[in-house]
Amino acid sequence: MSARGVGVTLKGIERALTQYEKVLDLSDSWYILIAPTSLNFHLFSRILSSEVRMIISSIFINDGSEGDGFREFRDRLAFIYGKDHVVEEIFERIDQIEIISRFSELSNLIREYKGGELGLRALIVCSGPYKLDLFHLSLYLDARAIELTEDGFRELISYPTWKLNEVSLSILYVAMKLEAMGERVTPHSLARYVKLKEKGERRDVRSKVVSLDYHIRKYLEREGLLQKERDPESKRGVAYRLTKKGINVAKLVEAHFRSQGLKMEDHIDLSSLNQSVEVKISS
């Protein structure tokens, strides 16, 4: 591949891995905010809008300077939930190992949090001299990681796709395509398009359904990416629905395969899937 071709591919991956938005939606969870003190908090407040009340605790990392509106924003959060919920951390030195070590207990706190229907998640704003270290922390905590832009923000990789195997990622991708067509996502429709490695004799549909259900239960349902529900068109059957989080991860699947040097055609029957999409559109 030529140097120009590599550049084009990398740009395509970057576009697929990021989403540019102007309003930050935090309605899916309660959040712990982790942000550097040098952040432009006037801009950050603008993209938060009324969602600021979803931030129940905040940790500001002092990186040597204060950004516009820092004190005002910090005091606002302290007013909503109390001063005990606002902490400022000062590091003697900072690097990837140090920052992850300092926040290692936060992972257990997030996992064990009980707050009604909503869970708890970290929101990390990657900015300033510790930008890369903060991004590494977001992967460790399975956090949402964002970066401010001139007129809004971009969501960085919001889920570590390496936590899922190729079968699980393929299920998400096929489910996204089926939902986009207005089709029900059922065990049989997934079995039609998701490829599985053959073991011994050729797999029949029933065998594929059982195997796919295993991946869904072990990975996708547990991670809150796919929900199982009763199929409205079948008394005994089941159907699946992507959650909001699942949709965001499904959008990363193609870029994940490319970045790993994998061919989607080896895991998904793309020709049949794309043909179904074309037929649906033409009809």
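**A walk from strand to strand**

In strand E6 (144-149), the bridge partner of valine 125 is isoleucine 146. The model is a predicted one, in which local features need pLDDT of at least 70 and side-chain atom pairs count only at pLDDT 80 or more, while totals for chains, interfaces and linings use all residues. Residues are numbered from 1 along each chain as its sequence is written, and side-chain values use heavy atoms, with hydrogens and water left out.

Let us stay with E6 for a moment. Strands E5 and E6 pair in the parallel sense over 3 bridges; two strands pair if DSSP finds at least two bridges between them. To get from E5 to E6 the chain goes through helix H6, and this β-α-β crossover is right-handed. Right-handed here means that, with the strands pointing away from the viewer, the path from the first strand over the helix to the second runs clockwise.

E6 and E7 form a hairpin with 2 residues between them, and leucine 148 stands opposite phenylalanine 153 in E7. Because 5 of the 6 residues of E6 are buried, E6 is largely enclosed by the rest of the structure. Buried means under 20% relative accessible area, exposed means over 50%, and partly exposed is in between (1.4 Å probe, protein chains only).

H6 spans residues 131-140, and its buried residues are Asp133, Leu134, Phe135, Leu137 and Ser138. What do the buried residues of H6 pack against? Their neighbours are strand E2 (29-36), strand E3 (55-62), helix H4 (96-102), strand E5 (119-125) and strand E6 (144-149).

After H6 comes aspartate 142, in the loop between H6 and E6. Most residues other than glycine have a negative phi. Aspartate 142, however, has a positive phi, near 55 degrees. With a relative accessibility of 17%, aspartate 142 counts as buried.

E2 and E3 pair in the parallel sense over 6 bridges, and tyrosine 31 stands opposite isoleucine 55 in E3. Together with helix H2 (residues 41-48), E2 and E3 make a right-handed β-α-β unit. From E3 the chain then crosses through helix H3 (residues 70-81) to E4, again as a right-handed β-α-β crossover. E3 and strand E4 (residues 86-90) pair in the parallel sense over 5 bridges, with glutamate 89 in E4 as the bridge partner of isoleucine 61. Is E3 mostly covered or uncovered? It is mostly covered, with 6 of its 8 residues buried.

Finally, step back to view the whole protein. There are 12 helices and 9 strands, and buried residues make up 44% of the 283 residues. Among contacts (heavy atoms within 4.5 Å) between residues at least 6 apart in sequence, 67% join residues at least 24 apart. The accessible surface comes to about 16,100 Å², and 49% of it belongs to carbon and sulfur atoms. Such areas come from the Shrake-Rupley method with a 1.4 Å probe; for residues, only the protein chains shown count as cover.

Key
Helices (H or I, at least four residues) and strands (E, at least two) are DSSP runs, numbered from the N terminus.
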